Amino acid sequence: MLTEANPSEIELVKRCQKGDQESFRLLYRRYQRRVRSTLYQLCGDSILDDLVQEVFFRAWKGLPTLRKPKTFSTWLYRICWNVASDQRRAFAQLREQHQTLSQKQSNPDHPELNQMHYQDLVDRGLKTLSLEQRAVIVLHDLEDIPQKEVAQILNIPLGTVKSRLFHGRKVLREFLKEQGVVL
C-alpha cells in the first residue's frame, strides 16, 4: 500500500521534477542496487562506484525532461546502458593506446580455467558475449526486466532482443559446458 511515507514511483518522479532532493534520495535507494548490479555485469568492478554515481547524476540532471514519469525505470536503465557503453568505449580506447605504446600483445583479462565458483563462471561466460548480447542477458535474465522493456531501454526492436537472447544464451551455454557445468 502506498502512503505518504511510501510514495509511488510516479509521485517521487513528479516531486523530483519540482526539485525535491529527498524524493530523489528515495528513488536512489530503490534503484541503486539494481543499477549497480547491471553496471557490474556490463563493466566489471574497477570503477563501479563512479559509474553508479554517473548514472544517478545524469538521472538527476535529466529528470526535468522526462515526459512520462511512469517510464522512469526504463529511462533509468537506458541511462545505465549509455554510461556502460561510454565506459566500454573509453576502456577500449585506453587499451588500444596502451598496446600501441607498449607494443605488447598480452591480455591480463584471460580467465583462469580452473575457477570453481559458479558466479565466477557466469561472469566469465558473460565476458565471452558481445556487449549487445551481454546487455540483453543481464537486463532480462539477471535483472528480470521484461523483453519489451529491454527493447525500450536499448532502443532496439523486440525481435532483436529475442535474437540476442537466443544467441547469447547459446554462447553462454556452450561456454559453461566447456567448463564442465552440466546443464
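Which residues have the most contacts inside the largest nonpolar core? They are Leu39, Phe72 and Leu154, in a core of 49 residues. A nonpolar core here is a set of buried Ala, Val, Leu, Ile, Met, Phe, Trp, Tyr and Cys residues joined through side-chain atoms within 4.5 Å. Buried means under 20% relative accessible area, with a 1.4 Å probe and protein chains only.

This is a predicted model: local features need pLDDT of at least 70, side-chain atom pairs count only at pLDDT 80 or more, and totals for chains, interfaces and linings use all residues. Residues are numbered from 1 along each chain, and side-chain values use heavy atoms, without hydrogens or water.

Helix α4 gives the largest share of the core, nine residues. Helices are DSSP runs (H or I, at least four residues), numbered from the N terminus. Domain 1 (7-96) and domain 2 (114-182) both contribute, so the core lies between them. The domain bounds come from an automatic or database assignment.

**Aromatic pairs**

Rings of Phe, Tyr and Trp (its six-membered ring) pair if their centres lie within 6.5 Å; planes under 30 degrees apart are stacked, over 60 edge-to-face, the rest tilted. The count is five pairs.

Phe24 lies in α2 and Phe56 in α3, so their pair ties together parts 32 residues apart in sequence. Phe56 is buried at 5% relative accessible area. Phe72 is buried too, at 1%.

Key. Buried means under 20% relative accessible area, exposed over 50%, partly exposed in between (1.4 Å probe, protein chains only). Helices (H or I, at least four residues) and strands (E, at least two) are DSSP runs, numbered from the N terminus.
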